[in-house]
Amino acid sequence: MNATINEAGISGIGRIIEATPPSDAVRLAQYNMLNEMPGVIFGVITVAYIVSSLISLVH
């Protein structure tokens with residue numbers, strides 16, 4: 001009696017890993033998002049400062 005053992009694996013994984021370059025629209029969206037991040041961070045810090053200042057005035 002002969003037995004054969006096949007190792008479990010995912011077929012086609014090599015085809016999925018192949019990267020396609022991003023389109024111009026995706027590249028522009030990523031640039032615009034990164035371009036706006038300093039303003040968003042500054043806004044969040046400013047709002048947190050204003051709120052904490054108002055809370056400290058109440059107490």
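This is a predicted model: local features need pLDDT of at least 70, side-chain atom pairs count only at pLDDT 80 or more; totals for chains, interfaces and linings use all residues.
Select Arg27 and Asp24 to begin: both belong to helix α2 (residues 24-58), and being three residues apart there, they are separated by about one helical turn. An α-helix has 3.6 residues a turn, so residues three or four places apart point the same way.

Now colour the pair by accessibility. Is Asp24 buried or exposed? Asp24 counts as exposed, at 60% relative accessibility, while Arg27, at 44%, counts as partly exposed.

Next, select α2 and display its C-alpha trace. The end C-alpha atoms of α2 are 51 Å apart, which agrees with the span of 51 Å that its 35 residues should have at 1.5 Å a residue. Then centre the view on Met37. What lies at this residue in α2? There is a kink of about 35 degrees at Met37, shortly before the proline Pro38.

Pick out Ile41, which lies in helix α2. Ile41 counts as partly exposed, at 47% relative accessibility.

Finally, zoom out to the whole chain and show it as a cartoon. How many helices and strands does the chain have? Its secondary structure comes to two helices and zero strands. Switch to a surface view: the accessible surface of the chain comes to about 6000 Å², and 68% of that belongs to carbon and sulfur atoms.

Notes
Residues are numbered from 1 along each chain as its sequence is written. Side-chain values use heavy atoms; hydrogens and water are left out. Helices (H or I, at least four residues) and strands (E, at least two) are DSSP runs, numbered from the N terminus. Accessible areas come from the Shrake-Rupley method with a 1.4 Å probe; for residues, only the protein chains shown count as cover. Buried means under 20% relative accessible area, exposed over 50%, partly exposed in between (1.4 Å probe, protein chains only). The expected span of a helix is 1.5 Å times one less than its number of residues. The bend at a residue is the angle between axes fitted to the seven residues ending there and the seven starting there.
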